[in-house]
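Let's take a friendly walk through the inside of this protein. Have the sequence and the 3D view ready.

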Amino acid sequence: MTDRWIRNAVAGRLVDPDERRSFPAIDPTDGRVFARVHEADADLVDRAVSAARAALDGPWSRWSAAARADLLRRVADRIEQRAEEFVAAEVADTGKPVAEARRLDVARAVANFRAFADIASRADQPSFLTELPDGGQALNYAVRSPLGVVAVIVPWNLPLLLLTWKVAPALGCGNAVVVKPSEETPSTATLLAEVLTECGLPAGAYNVVHGFGPGSAGDFLVRHPGIDGVTFTGSSATGTAIMRSVASRVRPVSFELGGKNAALVFDDADLDLTIAGLTRSVFANTGQVCLCTERVYVQRSVFDDVASRLVAAAQGLRLGRPEAATTTTGPLISAGHRDKVLSYYQAAAEAGATVLTGGGVPTLGAGLDGGWWIEPTLWSGLTNADRPVRDEIFGPAAVLIPFDTEDEAVTLANDTEYGLAAAVWTTNLARGHRVAQRMRVGVSWVNTWFLRDLRSPFGGRGLSGIGREGGEFSVDFYTELTNVCVQI
Ligand code: NAD
Ligand code: 6OH
């Protein structure tokens, strides 16, 4: 049994763990327990919310926007200095390749703090000069104030990236947060607490409570009367449950939820670029990115070529130890999640899919067989009516489906209740713009995938979410506007 603890953070201090309330932190590469996580009870969640309220009512409320921006920049610098600790913590929780944690997760955490230092401190405030019937005037101007105590609930797939995507703008706008990381990936949220304190964030402006959803810290937090809003990234089912919990007190929510994202490959696409892009978009992070492509629609004349080249690329992926330079692909996050993904492998087989590659569980040896490994998988022979083509799988798997015309491709891609992301692959510029705009999604890429400018709106439609974050859209969520009208 390990004696390492992952702690809650309340009022600027790490909380001594309670031996009676813990759950294991498990390394997904081999199933080994590497730490115990202190599960916050309702009382500790209450203390965290009170600490956040006290911070809001205390000196933190008098920090200027410029001082908050300086703090965010110091935090970015400090994460860079302690980058290898963040990498190690993220890799321990997720099993992802070390190089990927460095290049994507930790680098984006730094970028999130730097970007929102600029964005939040430059947020504009609308004003209008109103002409009155008697010839007089009134000046209307709006001032922004923090939303208040914000509950931040995040998932396990990109834990630090998605946490800082919310915490940086929330703090930049002067809020106090109570964070509930995923029970699968608790480490980096607690490490961030240390860094924020080192950088001078007042006690209570950032708190962490660990635990699960229903009947645990997540549920206690979203039902707490002391919170002023909820920003949530996770599954559509959990989003629905949280919305219900928050509804009784009319609090704003920002939801970034699941996806069932399409790629559309036209016969004029640059196939080298397309195959490299599809390989990333289907298999990055073992398919555990909300933006990952799970449906690949391919124009019929290039279908066989695209299929065989994508299969070769999938077979070139290397599953293995996170620290090995050759490793491209880690395990899934948990045994339960692998069971879910495997149930779709089974459902695809039952629906008569042709398994182009993969379809099962690999044998890796080298001490890895206790982990949650799974084979990268591609299918053909399914249609939009089949469950593996309708439900979000959230694993390294996609289906290839042929189409004949542009209109047919658009119809097939939009035939889903989700609406997060799409990627169009074509060298025809007009078609690229045309099709990208016709996608019913929040994020539509042409000849690329997961290319992000943090000033642009990010979010989804339908089952994929409510609201947009990024740039001024984050500022809009994390602030309230008060309009002042002065008759002149
Ligand atoms: P999840 O919904 O199971 O859990 C997300 C978080 O919510 C966790 O911290 C969990 O403990 C908490 N939670 C669960 N039930 C709760 C409740 N009733 N009240 C309060 N909190 C509760 O999601 P997951 O399995 O961790 O992540 C995978 C899902 O997240 C996928 O559906 C994926 O598409 C989605 N996701 C979306 C985006 C996006 O930006 N759109 C980004 C990443 C992940
Ligand atoms: C989902 O898994 C990825 C979400 C990505 C972002 O929120 C982002 O800002 O890039």
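Which residues of the largest nonpolar core touch the most other members?

## The largest nonpolar core

This is a predicted model. In its largest nonpolar core, which holds 93 residues, Ile79, Tyr206 and Leu291 are the ones that touch the most other members. Helix α4 (residues 98–121) is the top contributor, giving 12 residues to this core. Domain 1 (5–257 + 464–487) and domain 2 (261–452) each supply residues as well, so the core lies between them.

Leaving aside residues up to four places away in sequence, Ile79 touches Phe86, Val106, Ala109, Val110, Phe113, Leu192 and Val195.

## A separate core

## Helices α13 and α14

How do two packed helices get described? For helix α13 (residues 406–414) and helix α14 (residues 429–438), the angle is about 30° and the axes are 10 Å apart. Because angles under 35 degrees count as roughly parallel, α13 is roughly parallel to α14. Their crossing is right-handed.

On the α13 side, the contact is made by Glu406, Asp407, Val410 and Asn414. Arg431, Arg434, Val435 and Arg438 make it from α14.

## What covers α13

Which residues of α13 are buried? They are Glu406, Ala409, Val410, Leu412, Ala413 and Asn414. Their cover includes the strands β13 (261–265), β14 (293–299) and β17 (397–403), along with helix α14.

Technical notes: Residues numbered from 1 in each chain as written. Chains lettered and ligands numbered in written order. Predicted model: local features only at pLDDT ≥ 70, side-chain atom pairs only at ≥ 80, totals over all residues. Heavy atoms only, no water. Core = buried A, V, L, I, M, F, W, Y, C linked by side-chain atoms within 4.5 Å. Buried < 20%, exposed > 50% of the residue type's maximum accessible area, 1.4 Å probe, protein only. Helix = DSSP H or I, 4+ residues; strand = E, 2+ residues; numbered from the N terminus. Domains from an automatic or database assignment. Contact = heavy atoms within 4.5 Å. Axes fitted to C-alpha atoms, helices over the stretch in contact; angles between N-to-C directions. Parallel < 35°, antiparallel > 145°, perpendicular 65-115°, else oblique. Left-handed = near helix turned anticlockwise from the far one by under 90°.
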